[in-house]
Amino acid sequence: MSLALNSKLIHGGVDGDETTGAVNIPVYQTSTYKQDGLGENRGWEYSRTGNPTRDALEKLIAELEGGKYGLAFASGLAAINTVLSLFKSGDKLIVSDNIYGGTFRILDNVFSNFGITYKIVDTSDLAQVEAAIDEEVKAIYVESPANPLLTVTDIEAVSKISRQYGKLLIVDNTFLTPYLQRPIELGADIVIHSGTKYLGGHSDTVSGMVVVNDKAIADRLYYLQNAIGGVLAPWDSFLVIRGIKTLGVRMDRHVANAGKIADWLENSGYVSRVYYPGLKSDPGYEVQKKQADGAGAMISFVLDEKYDYKKFFKSLKLITLAESLGGVESLVCHPASMTHAAIPVEIRKEVGIVDELIRFSVGIEDADDLIADLEQAIKASAR
Ligand SMILES: *Cc1c(COP(=O)(O)O)cnc(C)c1O
C-alpha cells in the first residue's frame, strides 16, 4: 500500500520488530554478530558495517526523501566528510556563499589539504553558477534556504545546469527536512542532513544522514561509510527514528509560529531587516513557494542600531542563547561570533553576516509568548 508522507513518518523504513511484535525498532546495542560458520552470517557482521537499528533509520530517511539509499552518520559533519571523500585531489566544488560554518571549515581547512578546492558563488544567481563551471568542477553544493541568511536557491534550475555539464548536485536539506522539501524530486543527486536539528527534533542527540538514488554513488558511499567509520550509534539511531515520528506535527507548528513571528518582526520597527523566505518581501519567496511545502522556521534579522545586540541576548527570558537549531525549544544565536565564526570576517561582511545579525530557530512554544519575550528583550536593550 502506498502511503502519504504523514503515514511514512510513523510507519516508513522498518516498521517495528518482526520477531517480537514490538511496535518500535529495538536498540540493537551490539558491536558484533555470531557467525554460524565460516562465511555464514545472518546479514550482519560488525556494527560499523551494519546495525539493524541504524539500518531502520537509513531505510526510513531514504523513503522520506524519495531516494533509494540512505546512510546514517555520527553527525552532520561526519555525513559531509563522507560525501566530500567521493572527490580526489584536483577536484573542485562550487559552494553556496552562505553555508553552515562547519561545512565551510571542513572544505577550507581539511579537504583543501588533500588538494580538493572550492569556489564560493551566490547559487541563487543561476548565471553565477553556470559561469563558475569548468573542467575541474565535479559538484555543486547547495543549502536552501542557506545558513544564516535564508537565501533560496532554485534547486531544479541548478540541477538542470549540473546535469547539462555532467556535475553532481549536492543539497543540504537540514533546514526544511523532507516534510517540506525533497531535493531528489527536484533533481539533486545527493541529499545531506544534520539529523541533530529537526529530524531528531529535541536537541538531545547529534546525527547526520545522506540519501541518494544512484546505485554506483550509493555503493561508493557505503564503502566510504565503513572505511571512514563515522557511523551513528544504535541508541542515537533509535532517538532519531523516534524524533521523525512527530516531524509532521512539529514542523506544522514550527512553520506557523515562524510565519507569525516574521510578520511581527517586519512590522515592529525594531529591526532593519528580516530574512525569511515565507515573507512576500523576501527575494526568495516565489522560488521557495514553488519548490517547498513551507518556508521553514529559521528567521534571521538585523536589530536596529538603536538597540544593543549583546544586551538583547542577555535580556531574553524564554528564548535560549545557544548553538544549534531545529529543536522544540526556541534558540537564538549570533552567527558572527558563533556558528559562522570560522568564516573570515571579509567574506562574512560581504555576504551580510553583520554583528547585528541574529538567527532565530523558532520553537513550538506559544507564538505570543515568543513575541512577548522578543519585545521585552529588545526594549531592555535600547541604547
Ligand atoms: C548543524 C548543521 C550541519 C552540521 O551538522 P552536525 O550534526 O552539527 O555535525 C550541517 N549543515 C547544516 C545546515 C546544519 O545546520
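These points concern the salt bridges in this predicted model.

1. The count of salt bridges comes to 14.

2. Within helix H2 (residues 52–65), Asp 55 and Lys 59 sit 4 residues apart, about one turn of the helix. Their side chains form a salt bridge with an N to O distance of 2.8 Å. Lys 59 is partly exposed, at 43% relative accessibility.

3. Arg 182 and Asp 293 are joined by a salt bridge whose closest N and O atoms are 3.2 Å apart. Arg 182 belongs to the loop between helix H7 (177–180) and strand E6 (190–194), and Asp 293 to the loop between helix H11 (285–291) and strand E9 (298–303), so the pair ties together parts that are 111 residues apart in sequence. As for accessibility, Arg 182 has a relative accessible area of 19%; because buried means under 20%, Arg 182 counts as buried. Asp 293, at 54% relative accessibility, is exposed.

4. A salt bridge also connects Lys 260 with Asp 368, the closest N and O atoms being 3.2 Å apart. This pair links distant parts of the chain, with Lys 260 in helix H10 (residues 247–266) and Asp 368 in helix H14 (residues 367–380), 108 residues apart. Lys 260 is partly exposed at 42% relative accessibility, and Asp 368 is partly exposed at 44%.

5. Beyond these pairs, a network of salt bridges links Lys 92, Asp 134 and Glu 136.

How values were computed. Residues are numbered from 1 along each chain as its sequence is written. This is a predicted model: local features need pLDDT of at least 70, side-chain atom pairs count only at pLDDT 80 or more; totals for chains, interfaces and linings use all residues. Side-chain values use heavy atoms; hydrogens and water are left out. A salt bridge is a side-chain nitrogen of Lys or Arg within 4 Å of a carboxyl oxygen of Asp or Glu. Helices (H or I, at least four residues) and strands (E, at least two) are DSSP runs, numbered from the N terminus. Buried means under 20% relative accessible area, exposed over 50%, partly exposed in between (1.4 Å probe, protein chains only).
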